[in-house]
Amino acid sequence: MIRAIGKEESIPFDLLLLADESIVAIEKYLSASTLYVYERDAKIIGVYALLELSIDENEIKNIAVDINHQGKGIGSELIEHAKLVSISKNKRYLLIGTGDVSTKQLKLYRSKGFVNHSVKKNFFINNYDAPLYENEKQLKDMIVLSFDLLA
Ligand code: ACO
C-alpha cells in the first residue's frame with residue numbers, strides 16, 4: 001500500500017539516505033515536500049518525497065526502496081503513484097533528477113517515459129562537502145528528466 005506519511009510518524013531516514021548523501025541535504029527539501037511510503041506487512045520498505053516546484057511542476061526529490069526489496073517493481077509503482085498524485089494536483093510535468101553516472105536510475109526513469117529536461121552543471125560538486133562517487137565514478141552534473149502528465 002502506498003500512502004502519505006502521517007504527521008506523528010517518524011521519518012524513514014534510513015531509506016531516504018539510500019537516495020541522498022546526508023540528513024542535512026535531505027532536510028533542505030523535506031519540510032516543503034510530502035512523503036509517501038510503501039508499506040507491506042506494517043513495514044515501510046519504500047519512500048518518495050514529492051515537492052511542488054511551481055504551479056505546473058512537481059518534482060520527486062528522493063525515491064528509495066529497501067535494498068532487500070529492490071528490483072521487484074516497487075520503485076516503478078512509486079513513480080506511477082507520483083504521476084497520479086501530480087495529475088490530481090493539476091500539474092503538467094513531473095520532474096526527477098539524478099547523477100550523470102547513475103545509469104541504473106536514469107534507465108529506470110527513461111523506461112517510465114521521462115525525457116531529458118535540463119542539466120544542473122556541477123551540482124554534486126557545488127552542493128556537497130566531499131566528492132560523491134557512484135559506480136566508481138565521481139558525480140558531477142545532475143541530469144533532470146521530466147514526464148509530461150498531459151501527453
Ligand atoms: N521483478 C524483478 N525485476 C523487476 C520487476 C519485478 N517484478 N519489476 C521491475 N523490475 C526491474 C525493472 O525492469 C528495473 O530493471 P532495470 O534495472 O533493468 O531498469 C529494475 O527492476 C528496477 O525497477 P524497480 O524494481 O521498479 O525499482 P526498485 O524497486 O529497485 O526502485 C530505486 C528503484 C528507487 C532506484 C531503488 O533501486 C533504490 O532505492 N536505489 C537506491 C537509492 C537511489 O538510487 N534512489 C534514486 C536516487 S535519485 C532520486 O532520489 C531523485
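1. Which residues have the most contacts inside the largest nonpolar core? They are Y48, L50, I60, I63, L94 and F114, in a core of 22 residues. A nonpolar core here is a set of buried Ala, Val, Leu, Ile, Met, Phe, Trp, Tyr and Cys residues joined through side-chain atoms within 4.5 Å, and buried means under 20% relative accessible area with a 1.4 Å probe, protein chains only. The largest share of this core, five residues, comes from α3.

2. A quick word on what you're looking at: this is a predicted model, where local features need pLDDT of at least 70 and side-chain atom pairs count only at pLDDT 80 or more, while totals for chains, interfaces and linings use all residues. Residues are numbered from 1 along each chain as its sequence is written, and side-chain values use heavy atoms, with hydrogens and water left out.

3. Next, the overall fold. You'll find five helices and nine strands, taken as DSSP runs numbered from the N terminus (helices are H or I, at least four residues; strands are E, at least two). Of the 151 residues, 43% count as buried.

Notes
Buried < 20%, exposed > 50% of the residue type's maximum accessible area, 1.4 Å probe, protein only.
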